[in-house]
Every structure is written in C-alpha cells, then in structure tokens.
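Please consult the sequence and coordinates shown below while reading.

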Amino acid sequence: MSLPMILLALAVLGTVSFILSRKRAIASVGGDARRLHSLPTYYGMHGLLMAMIPAAGLLVAWLVIQPLMLERSIAADFPESAIPEGSTIGLVMSDVRRVADALDRVADQGALAGRSLEELEAVIADGGTAMGADLSDALLTAANDYRAARGSLNMIMLVAVFAVGLIGAAWAWKRSEGEFRARNVVETGVLILLVAAASIAILTTLGIVLSMLFETMNFFQQYDWKRFFLSATWDPSFSGRGGGSELGIIPLLWGTLYISLIALIVSVPIGLFAAIYLSEYAGKKFRSIAKPLIEILAGIPTIVYGLFALITVGPMLRDAIASPLGLGSSASSVMTAGLVMGIMLIPFVSSLSDDIINAVPQAMRDGSLGLGATQSETIKQVIIPAALPGIVGAVLLAASRAIGETMIVVLGAGAAAKLDLNPFEAMTTVTVKIVSQLTGDTDFASPETLVAFALGLTLFVITLGLNVLALYIVRKYREQYE
Amino acid sequence: MTDATAPIGAGQGSLIQQDSRTAKRNAAEKRFKMYGLAAVCVGIAMLIMLVTSILSNGVSAFFQTTIQIMVELPEEKLDKSGVRDPEVMAKVTTFGYAPLLRDGLQKTLEDNGIETELSAKDAADLISDESVAQLRRYVLANPELIGQTIPVEVLASGRIDGFYKGRVTYESAELDSNVSPEQLDLAEALKGADLLKTGFNWRFFTAPDASVTRPEAAGLGVAIIGSFYMMLIVLCLALPIGVAASIYLEEFAPQNRFTDLIEVNISNLAAVPSIVFGILGLAIFINFAGLPQSAPIVGGLVLTLMTLPTIIIATRASLKSVPPSIRDAALGLGASKMQAVFHHVLPLAMPGILTGTIIGLAQALGETAPLLLIGMVAFVREYPAGPPEGLFDPATALPVQIFNFTQRSDPAFVERASGAIIVLLLFLLIMNLTAIFLRRRFERRW
C-alpha cells in the first residue's frame with residue numbers, strides 16, 4: 001500500500017468517525033441539539049481528530065525510525081570481508097538499498113526466480129539503477145534480507161496505524177454524549193496543531209545546523225581543520241586518484257568577499273540615492289511609476305541575472321575594458337559578477353533605506369528647514385545621521401545577501417580559485433564550490449564531497465552573524481524614535 | 001546651522017540678486033537632487049537593459065524553421081513481418097529510419113527541380129537528427145501508414161535554424177565544420193520553393209530537453225511539469241502550515257522564551273542563503289529519508305521550507321491589520337477565542353494571506369540554487385507520471401533547465417535559455433499581477 005493510499009484511507013476513516021460521533025451525540029440527547037454541551041459539529045470534529053491525528057503521528061514516526069533501525073540491523077549482519085576495498089559500510093548499505101528497490105520493481109513483473117548474478121545485474125541496470133560496486137553474493141543476500149524485513153515491517157506498520165486509528169475513533173464515539181465538553185477538547189487539539197506548525201521553523205533551523213554539523217565533523221576527521229581554514233590553495237583531486245587534495249577556504253572566501261565588495265560599491269550609493277530621491281524629492285506621480293519599476297528588479301529570479309552576466313555584461317566588460325587594457329581575457333570575472341549582483345541588490349538597499357528614511361520623524365525635517373537649511377543640507381546633516389544605524393543595518397543585510405548569492409557567481413564569476421587583486425580575473429566563491437562539489441557523482445565518504453558541508457556551515461555562520469548584527473542594529477535604532 | 005550664524009552684512013543681502021554663498025548652496029542643492037535622479041534612472045536603465053538583453057536573445061526561440069518533405073515508408077524496411085504490430089516494428093531502430101528521410105529529401109528536391117552539388121548525406125544534414133526519432137515514433141503510433149508516401153514536416157538542423165535567425169551567416173559558415181555555404185544555398189532554394197518555413201514553435205513548450213547536439217529540438221515540457229508539481233507541493237504544504245503558525249504566533253502565543261525562539265528562527269530563516277536549504281534537502285530528505293534524487297517531491301519540500309517565512313510574515317501582517325474590535329465583538333457574543341479567530345478574523349485576513357502566498361510561490365518558482373544540489377540538473381527526457389506517483393519521478397524545473405542550457409557550448413542554447421527565461425518571467429508576471437489584483441479587489445482598509 002503506497003503512502004498516498006494510506007493517507008487517503010485514514011481520511012476516509014476520519015470522515016466515517018466524524019459522522020458516527022456526531023450522530024451518537026445527537027442521539028444521546030434525544031435529537032435536541034440544544035441540550036448538548038457543544039455544537040454537534042464539535043462532536044464530529046472530535047471523532048475526526050481522534051481517528052486521524054494519533055494514527056498519522058505514528059505513521060510519520062514509524063517512517064522516520066524504521067529505515068534507521070532496519071539499516072542498522074542489516075549492516076550488523078553484513079560480513080566484514082564482503083566490503084570492497086576502499087568502500088565503507090555506509091556506501092555498501094546505499095547499494096543494498098538500491099538493489100532492494102530495483103529488485104522490488106522487477107519482482108512486480110514476476111521475473112526474478114532462478115536467475116544468476118550476472119543476469120540480475122543486467123536486470124538492475126536495465127531498471128536505470130546505477131550501483132557503486134559490483135553485485136556480490138553478500139550484497140544480494142543483504143538486499144533480499146532487507147526486502148523481506150521491509151515487507152513484513154511495512155505490514156506491521158499498516159496494521160498498527162489502522163489499529164490506532166480505529167481505537168481513537170471508537171474512544172471518541174464512546175465519549176460523544178450530551179455532557180461531554182467536545183468543543184474544549186477540539187480546541188485544545190487544534191491549538192496543539194498550531195503550536196506544532198509554528199515549531200517547524202525551529203525544526204528547520206535544527207535540521208540545517210545538525211545536518212551540516214554532522215557531515216562537517218566527518219570531514220574534519222579526514223581532513224585537518226587547520227589546513228582547511230589556513231591553507232591558501234584550493235586544489236581538489238577527484239576521488240579515485242587517491243588523496244592529496246588541498247582544500248583551503250581562503251581563496252574562496254577572498255573571491256566571495258571581493259565580489260560582495262564590488263556589489264556593495266555598486267548597489268549602496270545607487271540604492272541609497274534612489275531611496276533619498278524617491279522619498280524626499282520625487283513627486284507623487286513620478287514616485288508611483290519609478291518605485292514599482294525599481295522593485296521589479298527584486299522580483300527577477302537570480303538565474304536571469306546569471307544569464308545576463310554570462311551573455312551580456314561579461315563579454316561587454318571584456319571587450320570594452322579588460323582586453324584593451326590587457327587586464328584579462330575572460331568574460332567571467334569578479335567585476336562581471338560584482339556588477340550584476342550590485343544591480344540585483346539596488347532594490348533591496350533602496351526599499352530598506354526608504355523605510356528607514358521614512359521613519360525619521362517629520363519634526364526633525366521641519367526644524368532643519370525652518371532654520372533655513374536647504375533640502376539637501378537637511379538630508380545630509382539631519383536625516384542621514386539620524387538614519388545612519390538603520391542604513392548600516394541595511395548594508396549589512398545586503399552584504400549577507402551578496403555573500404550567499406549563488407546563481408550569479410556560478411554563471412558570472414568563473415570556477416578558478418585564485419588569490420588575486422585584478423577584478424577582471426575569474427575567481428570563485430564559497431557558493432560556487434558548494435554547487436560544484438555536490439552536483440554530479442558524489443561520494444559521501446570522500447573529503448572532496450564532504451568539504452561542501454564545511455563550506456556550507458561556514459557560509460551559514462557568516463550570514464547568520466551578519467543578519468543577527470543587522471537586525472540588532474535596526475531594532476535598536478527603531479526604538480529610538482518610537 | 002553655520003549659515004544662520006554666518007556674518008552677513010545688512011546691506012549685502014538682496015532678495016533679487018543671489019550672493020555667491022546662496023548661489024553655491026543652491027547649486028549644491030541642484031547637484032544633490034541630480035545625483036538622486038541619476039540613481040533612479042540608473043536603476044530603471046538597468047532594468048530596461050536586462051529585459052532587452054533577454055528579449056533580443058530569446059524571442060527567436062519561439063520560432064522554429066521546419067522543412068516539408070515527402071517520405072516513403074517502405075514495408076520491407078519497416079515491417080518485414082507485415083503484422084503492423086508496433087512491438088515488432090520497434091525492432092527497427094532510428095538507424096533504419098535515417099535513410100528514409102535522406103531519400104525523402106532527395107525525392108522532394110527532384111520533384112521541385114532543385115539542383116544541388118551536395119551529396120545526399122550532406123544535404124540530409126539540413127535535417128535535425130531529432131526528426132528521425134520523431135518519424136519513428138510517429139510511424140509506430142500509426143502503423144497503417146506503412147507502404148504510403150506521406151508528407152512530413154521535419155525540424156531543420158540547428159545551424160540552418162540559426163541562419164534564418166541571423167545567428168549563422170555565410171562568413172561564419174565558412175569556418176564552421178557543422179554547416180557549409182552550399183548547405184545554406186540549398187536551404188535558400190528550399191525556402192524559394194516554399195518548402196522551408198519558419199513558424200511558431202509550439203514544441204518549445206511541450207517537448208522534453210534534447211541532447212547537446214540538437215538545440216533545435218530542446219523544449220521545456222518536462223521542466224514546466226516539474227515546476228508545476230513543485231508549486232503544487234509548496235501550495236499544499238506551505239499555505240496550511242504557514243497560516244497555522246501565524247495564527248498561533250499572532251493570536252495565541254504567550255510572551256515567553258519559546259515564542260521568542262520561534263520568532264528569531266523565522267526571521268533568520270528568511271535570510272538564510274537559499275543554497276543552504278539545498279544542503280539541508282540533500283542531507284535530510286535524500287541521504288537520511290531516502291527520497292529519490294531529482295524528484296519534484298524533494299524539490300517541493302525544500303522550497304516549502306524556503307517559502308514558509310515569507311508566507312508567515314505576510315500572514316501575520318494581514319492578521320495584525322484586522323482591527324481588535326472584530327475579535328471583541330465575537331468574544332462579546334459568546335464565541336470562544338478559537339471561534340473568533342477561525343470564523344471572523346481569518347476570513348477577513350484571507351486576501352492578504354493569499355497575496356503573500358502567491359508572492360512566496362513566485363519566489364519559489366524562480367529559485368535555482370537549492371534544486372541544483374538535490375539532483376534536478378539531471379538530463380531528463382521522460383515526462384513524469386501523473387500525481388501522486390509522478391511526484392517521485394525524475395523531473396527538472398524551469399530555472400534549472402535554463403541553467404542546463406547555459407552550460408552547453410552550442411550558441412543556439414543561449415537562445416533557448418533566453419526563451420525559457422521569457423517563459424519563466426511570463427509565469428512570474430501572471431502570478432504577481434494576480435497578487436496585485438487580489439490586493440486591489442479584496443483588501444479592506446479599516
């Protein structure tokens with residue numbers, strides 16, 4: 001029974017439970033709904049929730065825990081000698097899982113019995129399953145054990161889930177009588193669901209941190225952390241050729257910061273001046289046209305900016321500046337990515353600054369103008385200083401955006417890790433390397449793949465730090481005028 | 001302030017004539033205003049440049065050059081058994097069909113009196129390799145056609161297509177190993193005989209991706225389906241969860257540590273780089289939970305987590321804007337707090353919630369980076385099945401397909417990528433216009 005079918009069956013059970021509980025409640029007071037404690041619908045809802053929620057909870061928990069337990073027990077039985085050289089039990093287990101899945105698919109067509117290893121291998125390959133190692137007897141036995149255990153466990157799960165659902169429904173049905181406070185129970189249940197939904201934000205953060213922390217620790221077991229943070233070369237060798245990778249984060253960080261710096265140099269003045277003009281000078285009509293136009297820039301997906309960098313800005317910069325001056329011959333460069341990223345950040349800076357400038361009390365403007373200052377003097381000497389903390393916060397948020405941006409740099413900055421000052425040279429960033437180390441064939445036992453998690457964690461920590469700092473500054477500043 | 005205290009003699013100031021200091025200040029004022037205007041103009045100019053660059057590169061992707069030829073389908077080659085059973089006929093591979101197209105082209109040339117010095121093979125290079133597979137599929141679907149001579153509209157090869165879009169010229173053909181000036185001459189002759197046409201490219205929206213050497217056949221079919229599935233998942237998960245979380249935080253949550261923790265988490269998640277969500281998806285949904293790679297379900301889940309903060313922030317603002325008097329009135333009539341929220345506040349906040357949801361969906365639709373990490377860059381030619389099983393089939397997504405196109409060397413793929421961006425931007429435009437319409441039409445000011 002597939003997962004959607006189980007959910008559908010649970011929904012049917014819930015509906016039946018709804019109808020029955022409601023009926024019983026009304027019958028218990030002789031058909032006079034006024035004598036019930038709650039509205040009849042609440043008795044029905046109570047039946048529905050009792051039938052579905054515990055069963056669904058059990059289902060989810062089971063689906064999370066079962067693969068873990070199953071894999072552990074199969075892995076424990078797997079003969080040590082059958083693990084191929086250079087492989088680990090984790091890799092073998094993922095092969096076991098793949099073989100089991102492939103066999104499941106073939107078994108549906110009833111073509112399994114009595115085949116040799118080679119034939120089976122061909123069948124599995126036909127099914128579109130790529131394997132890490134050759135099919136061995138031990139692997140096949142493990143896969144078959146896995147399938148058998150999974151089949152019976154799935155059966156037990158099905159029975160358990162529906163048993164829980166039926167017990168819940170029966171319990172609710174029995175309780176549905178005139179005196180029962182169905183509304184209070186249902187409302188408590190709904191509140192619990194609301195709290196659960198709100199907790200997903202915490203779970204997501206926890207998931208992000210734990211998943212990256214776990215793999216990063218794996219990485220640092222294989223690769224010295226001092227070399228990772230202090231080495232100035234990034235030169236991963238591809239797995240299979242043995243070790244000898246140099247995985248230093250410094251050139252990547254340098255590229256990231258250099259590109260972000262250029263992006264900020266472009267976007268902060270333009271965004272800030274645009275915000276000042278739109279909020280202090282522009283007429284209503286001009287503002288109502290120009291503001292949405294600039295904000296369109298914020299709604300354009302980053303892949304579009306990436307393509308813009310790749311086909312327009314990059315070649316243009318190369319032909320107009322870099323080649324004539326002899327600074328470089330590459331269309332993808334720090335300058336390309338920085339400029340385009342700057343364009344992307346203009347609306348971000350301008351709308352944040354706009355909010356902040358508007359939050360400066362009108363009385364301060366009036367006071368300055370009343371003393372005879374011109375408008376620009378008011379802006380420069382009164383409004384900007386008053387709004388400065390907020391603007392700094394906005395710049396920090398923009399910097400965090402720039403550091404975490406991926407598609408523009410993947411398409412515009414190049415892939416060569418370099419420590420160079422020439423902005424027309426192709427360099428690379430942390431995000432580009434995360435993408436390149438984690439796409440394609442990945443082997444989760446090699447440091448070349450695992451380094452991506454360490455890079456991701458570094459990125460997460462940097463952007464988180466910037467965000468927290470920015471939010472702190474903005475919040476503190478806002479309180480000043482409230 | 002210094003101006004007010006500056007010593008200006010009584011006789012020196014004039015209302016009509018500016019003194020040098022006032023002139024200087026006014027000039028500074030004007031300059032400052034100009035900087036502001038210039039900044040706004042630069043912003044708008046960048047937008048215009050971006051859009052024109054994409055449009056000028058991409059519009060031609062919506063047009064496609066095709067060649068009309070007559071193809072004979074001989075029985076002895078395609079169906080020796082004569083049973084017209086597609087399963088038996090499928091034994092004839094595309095290698096069996098390629099000569100048919102070549103001969104068909106020669107015959108068409110003869111019928112129309114077009115002379116060429118090109119060998120039959122070189123002439124056949126005008127036709128896209130993809131057309132052979134198309135012809136085979138068509139014949140397998142219609143076995144009764146065997147033995148007849150049928151008119152077939154085949155795709156012109158990428159270079160010939162490029163010639164009619166200005167990408168390939170006689171000069172560039174001299175240097176190009178894939179096309180010769182003689183072939184261009186032949187194409188012109190075919191055009192003169194009204195056999196070669198350029199028409200609207202419907203296949204661009206329906207066809208799956210094509211191999212690196214066949215840009216003319218590449219389409220967005222699988223990508224559009226994949227993106228649609230993911231949006232479906234995001235809508236079904238992010239909307240209820242986001243609304244439930246916002247209701248709790250806005251209406252019920254007590255002021256305590258736990259609530260603070262949730263709030264801090266939501267505002268941080270909104271600013272986490274999108275690629276980090278991709279790492280999360282890879283580590284948790286694929287490696288830990290064992291969901292398949294490249295599947296819309298994983299993409300949908302990752303995008304749901306990314307969209308949640310946007311929806312929560314919009315929903316909370318919308319709930320906050322419902323005046324407390326509504327709640328008070330409901331409570332005063334004996335409604336429970338839950339009833340007041342679900343029966344009165346929530347319906348009034350609905351337009352704002354929907355607007356926020358659509359904007360969140362639009363963001364998710366354009367997101368690329370996390371999808372790269374969960375394997376959606378794979379080359380997928382098979383259409384995924386219908387939901388719910390199709391959610392677990394491999395698929396690509398629109399932005400990822402664009403990225404894929406950009407990674408190929410043939411310049412024709414730049415056109416395809418830009419065309420795909422136009423499609424993506426059109427979808428985004430429609431979604432944003434819907435959001436604006438909803439806001440204008442239903443939003444209430446209290």
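## Basis and overall composition

The structure is a predicted model. In chain A, the secondary structure amounts to 16 helices and 2 strands.

Of the 482 residues in chain A, 46% are buried. Among the contacts of chain A with a separation of 6 or more, 72% are between residues 24 or more positions apart.

## Packing of α2 and α6 in chain A

Within chain A, helix α2 (residues 40-77) packs with helix α6 (residues 182-222) at an angle of about 45 degrees, and the two axes are 9 Å apart. The pair is therefore classed as oblique, because an angle between the limits of 35 degrees for roughly parallel and 65 degrees for roughly perpendicular falls in that class. The crossing of α2(A) with α6(A) is left-handed.

On the α2(A) side, the contact involves A:Tyr42, A:Tyr43, A:Met45, A:His46, A:Leu49 and A:Ile53. The α6(A) side contributes A:Ala182, A:Arg183, A:Val185, A:Val186, A:Glu187 and A:Leu193. By residue class, the contact of α2(A) with α6(A) holds 9 nonpolar, 1 polar and 2 charged residues.

## Packing of α10 and α11 in chain A

Helix α10 (residues 302-325) and helix α11 (residues 334-359), both of chain A, have axes 9 Å apart and pack at an angle of about 135 degrees. This angle makes α10(A) oblique to α11(A), because the roughly antiparallel class requires an angle over 145 degrees. The crossing is right-handed for α10(A) and α11(A).

The residues of α10(A) at this contact are A:Thr302, A:Tyr305, A:Phe308, A:Ala309, A:Val313, A:Gly314 and A:Leu317. Their partners in α11(A) are A:Met335, A:Thr336, A:Leu339, A:Val340, A:Ile343 and A:Met344. The contact of α10(A) with α11(A) comprises 10 nonpolar residues, 3 polar residues and no charged residues.

The crossing of α10(A) with α20(B) is left-handed.

From α10(A), this contact draws on A:Ile303, A:Val304, A:Leu307 and A:Ile311. The contact of α10(A) with α20(B) divides into 9 nonpolar residues, 1 polar residue and no charged residues.

Is A:Val435 buried or exposed? A:Val435 counts as buried, because its relative accessibility is 6% and the limit for buried is under 20%. This residue belongs to helix α15 (residues 430-438) of chain A. Beyond residues up to four places away in sequence, A:Val435 touches A:Thr406 and A:Val410, together with B:Ile275, B:Leu372 and B:Leu373. The C-alpha atoms of A:Val435 and A:Val410 are 8.2 Å apart, although 25 residues separate them along the chain.

In chain B, B:Ser274 lies in helix α14 (residues 274-288) and is buried, with a relative accessible area of 14%. Outside four places in sequence, B:Ser274 contacts B:Met306, B:Glu367, B:Ala369 and B:Pro370. B:Gly219 sits in the loop between α11 (203-206) and α12 (221-252) of chain B and is buried at a relative accessible area of 1%. Apart from neighbours within four places in sequence, B:Gly219 is in contact with B:Arg203, B:Phe204, B:Ala207, B:Pro208, B:Asp209 and B:Phe405. The C-alpha atoms of B:Gly219 and B:Leu175 are separated by 28 Å, with the two residues 44 apart along the chain.

## Cysteines and disulfides

How many disulfides are counted over all chains? The count over all chains is 0 disulfides, where a pair of cysteine sulfur atoms must be within 2.5 Å to qualify.

Two cysteines of chain B illustrate solvent accessibility. B:Cys41 counts as partly exposed, because its relative accessibility is 41%. B:Cys236 counts as exposed at 53% relative accessibility, because the limit for exposed is over 50%.

Key. Residues numbered from 1 in each chain as written. Chains lettered and ligands numbered in written order. Predicted model: local features only at pLDDT ≥ 70, side-chain atom pairs only at ≥ 80, totals over all residues. Heavy atoms only, no water. Buried < 20%, exposed > 50% of the residue type's maximum accessible area, 1.4 Å probe, protein only. Axes fitted to C-alpha atoms, helices over the stretch in contact; angles between N-to-C directions. Helix = DSSP H or I, 4+ residues; strand = E, 2+ residues; numbered from the N terminus. Parallel < 35°, antiparallel > 145°, perpendicular 65-115°, else oblique. Left-handed = near helix turned anticlockwise from the far one by under 90°. Contact = heavy atoms within 4.5 Å. Nonpolar A, V, L, I, M, F, W, Y, C, P; charged D, E, K, R; others polar.
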